[in-house]
Amino acid sequence: MIVRCTCRNAKLILTSVPSERLYPHLSSLAFVPKCDPASTEDVTRLKEFVDKHERLCVLTGAGISTESGIPDYRSAEVGLYARSTHKPMLYKEFCNSETARRRYWARNYIGWPRFSSLKPNITHEILKHSEHVGKVGCIVTQNVDNLHSKAGSKEVIELHGTAFRVMCLTCDHKICRYELQRTFQKLNPSMIATAQMIRPDGDVDVSQAQVEGFNVPACDNCGGILKPDIVFFGDNVPHDTVQNVKANIESLDALLILGTSLSTFSAYRVVLQARDAKKPIAIVNIGETRADKSVDLRIKGRCGDVLPKIWQLNASKEKS
Ligand SMILES: [Zn+2]
């Protein structure tokens, strides 16, 4: 059971209990690549890094959501690129093709009930707790799954937007994704939204016939094209978001990177920003990352295994 911490001076405590035993309801490893537990030496080094720097900026990627049941794109064997030939839709394709948009929304509609119901895991819970006690000043996430906010984190910058909001390409009107789901249901009463396999942006497989018959609404405000408020592959992160990340890195003491290979430039740019600001950088990730050779600390491991060993959520122990 997780005990919410109310102590402002929470200590970081080492524990050797596996996170699956401590938090069985918060761990699902079906989409997590095989990985040995991090060594005690590595855990100790990470703890020292976290203790040494007063306030952290944390960059998260798909690797922290896999334990909530969302597969990532790139992991060997269990990632989507390894399981299928699927490639995510490109920004240009979405904007230029009504057929592509219809296909996108039909799949997204079917996947939405499951995608939107997924729960934060132990990593999200620990980061929320760490923000509460003042250790984490800001989370920059590449994930569009809203799991940091669901966990209760307040200072979250969504680098690639969120699947939980929809925008109009013409007038910038924004609506809640749940509201759009209700509109889809009214327009497509014979289509049942259920799916087993989902993708990091809520995408699933549906038949060609289902796609062709799917009705997509236009913007209520201006009749324009509706698009999820997500930065698609081939699109750019908004300038204001980049500047917001930069300001947070400059005002905080170090950058901790969790569960990302930093393959996209928008994520790698966060590393460059931290380097420019002369901030120490640590990475926890199962696979190799683009910045392995240029950071202060690099630990191979699963975040849901490593983080509980340095952040103990049990309030009674924190008081010891
Ligand atoms: Zn509009």
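Start by selecting Ser-261, which counts as buried because 24 C-beta neighbours fall inside 10 Å. The model on your screen is a predicted one. Ser-261 sits in the loop that runs between β7 and α11 (265–276).

**Zoom out for a moment**

Colour the chain by secondary structure and you will find 13 helices and nine strands. The protein chain has 320 residues, and 42% of them are buried. Among contacts with a separation of 6 or more, 76% join residues 24 or more positions apart.

**Next stop: the largest nonpolar core**

Select Cys-57, Val-58, Val-140, Leu-255, Leu-256 and Ile-257. In the largest nonpolar core, which holds 41 residues, these touch the most other members. Strand β7 (residues 254–258) supplies the largest share of this core, with five residues. In general, nonpolar side chains in soluble globular proteins tend to be buried together.

Stay with Leu-255 and show its surroundings. Setting aside residues up to four places away in sequence, Leu-255 touches Cys-57, Leu-59, Ile-249, Ala-274, Lys-279 and Ile-281. There is also a second, separate core of 21 residues, with Ala-106, Ile-110, Val-144 and Leu-180 among its members.

**Along helix α5**

Ala-106 and Ile-110 are also among the buried residues of α5, so select residues 98–117 to see the whole helix. Its 20 residues reach 28 Å from first C-alpha to last, close to the 28 Å expected at 1.5 Å a residue. Look at Gly-111, where α5 has a kink of about 50°, shortly before the proline Pro-113. Others on the buried list for this helix include Arg-103, Tyr-104, Trp-105, Trp-112 and Phe-115. To see what the buried residues of α5 pack against, show α4 (91–96), α8 (177–187) and α9.

**His-160**

Now pick His-160, which an unreviewed UniProt entry annotates as "active site". You will find His-160 in the loop between β3 (156–158) and β4 (161–168). Is this residue buried or exposed? His-160 is buried, with 23 other C-beta atoms within 10 Å. Apart from neighbours within four places in sequence, its contacts are Gln-142, Val-144, Ile-230, Val-231 and Ser-266.

Finish by selecting Cys-168, Cys-171, Cys-219 and Cys-222, which the unreviewed UniProt entry annotates as "binding site". These four span 55 residues in sequence, yet no two of their C-alpha atoms are more than 8.6 Å apart, so they gather at one spot.

- Cys-219 lies in the loop between α9 (208–212) and β6 (226–230). Cys-219 is buried, as 20 other C-beta atoms lie within 10 Å. Beyond residues up to four places away in sequence, Cys-219 touches Cys-168, Thr-170, Cys-171, His-173, Gly-224 and Leu-226.
- Cys-222 is in the loop between α9 and β6. With 13 C-beta neighbours inside 10 Å, Cys-222 counts as partly exposed. Outside the four places on either side in sequence, Cys-222 is in contact with Cys-168, Thr-170, Cys-171 and His-173.

Conventions. Residues are numbered from 1 along each chain as its sequence is written. This is a predicted model: local features need pLDDT of at least 70, side-chain atom pairs count only at pLDDT 80 or more; totals for chains, interfaces and linings use all residues. A nonpolar core is a set of buried Ala, Val, Leu, Ile, Met, Phe, Trp, Tyr and Cys residues joined through C-beta atoms within 7 Å. A residue is buried if 20 or more other C-beta atoms lie within 10 Å of its own, exposed if 12 or fewer, and partly exposed in between; C-beta atoms are placed from the backbone. Helices (H or I, at least four residues) and strands (E, at least two) are DSSP runs, numbered from the N terminus. Two residues are in contact if their C-beta atoms, placed from the backbone, lie within 7 Å. UniProt positions are given in the numbering used here, feature names are shortened, and annotations may be inferred rather than shown by experiment. The expected span of a helix is 1.5 Å times one less than its number of residues. The bend at a residue is the angle between axes fitted to the seven residues ending there and the seven starting there.
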